[in-house]
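Let's take a friendly walk through this structure together. Have the sequence to hand and turn the model as you read.

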Amino acid sequence: GGMEEVEEALSQARLAEYAPAFDGLGYDDLGFLLSMSQDRPLHHSLPTPVTAQAELSSVAEAVRMKPGHAQKFLKLLPATEAARRRFRGPPAWPDSVLPL
C-alpha cells in the first residue's frame, strides 16, 4: 500500500519519473488520488462543482508534469478506479442489510 501503489500506477502509465514529486508533496496514497478522480456535487461554500478534471489537473501542475504527461495522468486515474471497482466485485452486504 501507500507510496508503493502510487509508484506502481505511475509506472504502468510510464510516468514513474514523477514518483519522487508525488511522494515529496504528500500524494502518497493511491486511494486518496482515486477519490479525487470522481466528480463531487456542488458544496454550499463553493461557487462551482468540484470536478475530477480540475483536482487532478492541480496535482499534475503541482508535480510539474509536462503537458502530454498530464493528459495521460488525467486519463490514468479514472481508468484505475474503474478497474479497482471491477476487481473488487459486488459489495459484501446487500443494500437492505446493514452489519451490526
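**The two sides of a helix**

On α1, the exposed residues Glu4 and Gln12 sit on the face that is turned away from the helix's buried side. Here buried stands for under 20% relative accessible area, exposed for over 50%, and partly exposed for anything in between, using a 1.4 Å probe and protein chains only. Helices (H or I, at least four residues) and strands (E, at least two) are DSSP runs, numbered from the N terminus.

Before going further, a word on what you are looking at: this is a predicted model, in which local features need pLDDT of at least 70 and side-chain atom pairs count only at pLDDT 80 or more, while totals for chains, interfaces and linings use all residues. Residues are numbered from 1 along each chain as its sequence is written, and side-chain values use heavy atoms, with hydrogens and water left out.

Which residues of α1 are buried? They are Met3, Val6, Ala9 and Leu10. These residues lie on the same side of α1 because they cover an arc of only 125° around the axis, the arc being that of the directions from the helix axis to the C-beta atoms.

Setting aside neighbours within four places in sequence, Val6 is in contact with Phe22, Tyr27, Asp28, Asp29, Leu30 and Leu33, where contact means heavy atoms within 4.5 Å. Val6 and Leu33 are 27 residues apart along the chain, and their C-alpha atoms are separated by 8.6 Å.

**The chain as a whole**

Stepping back, the chain has 5 helices and 0 strands, and its elements run α-α-α-α-α from the N terminus on. Of the 100 residues in the chain, 31% are buried. Among contacts with a separation of 6 or more, 49% come from residues 24 or more positions apart.

Helix α4 (residues 52-62) also has a buried side, made up of Ala52, Glu55, Leu56, Val59 and Ala60. They are on the same side of α4 because they cover an arc of only 140° around the axis.

Two arginines deserve a look. Arg14 follows α1 and is found in the loop between α1 and α2. Although Arg14 is not a glycine, its phi is positive, at about 60°. Arg14 counts as exposed because its relative accessibility is 71%. Arg64 follows α4 and is found in the loop between α4 and α5. Arg64 is not a glycine either, yet has a positive phi of about 60°, and counts as exposed because its relative accessibility is 73%.

**Into the core**

A nonpolar core is a set of buried Ala, Val, Leu, Ile, Met, Phe, Trp, Tyr and Cys residues joined through side-chain atoms within 4.5 Å. The largest one has 24 residues, of which Phe22, Leu33, Met65, Phe73 and Leu77 touch the most other members. Two or more residues come from each of α1, α2 (19-24), α3, α4 and α5, and α5 gives the largest share, 5 residues. Leu77 touches Leu30, Leu33, Leu34, Ser37 and Leu56, if residues up to four places away in sequence are not counted.

How many cavities of 30 Å³ or more does a search of the whole structure find? The search finds 1, and about 40 Å³ of space lies in the largest cavity. On a 1 Å grid over the protein atoms alone, a cavity is a set of points where a 1.4 Å probe fits but cannot get out, and lining residues have an atom within 4 Å of a point. The volume is the space filled by probe spheres set on the points, which are joined across faces, edges and corners.

The lining consists of Val6, Ala9, Leu10, Leu30, Leu33, Phe73, Leu76, Leu77 and Thr80. At least two of the lining residues come from each of α1 (3-12), α3 (30-36) and α5 (67-88), with α5 supplying the largest share, 4 residues.

Note on methods:
On a 1 Å grid over the protein atoms alone, a cavity is a set of points where a 1.4 Å probe fits but cannot get out, and a pocket is an open set with protein on both sides within 12 Å along at least five of seven lines; lining residues have an atom within 4 Å of a point.
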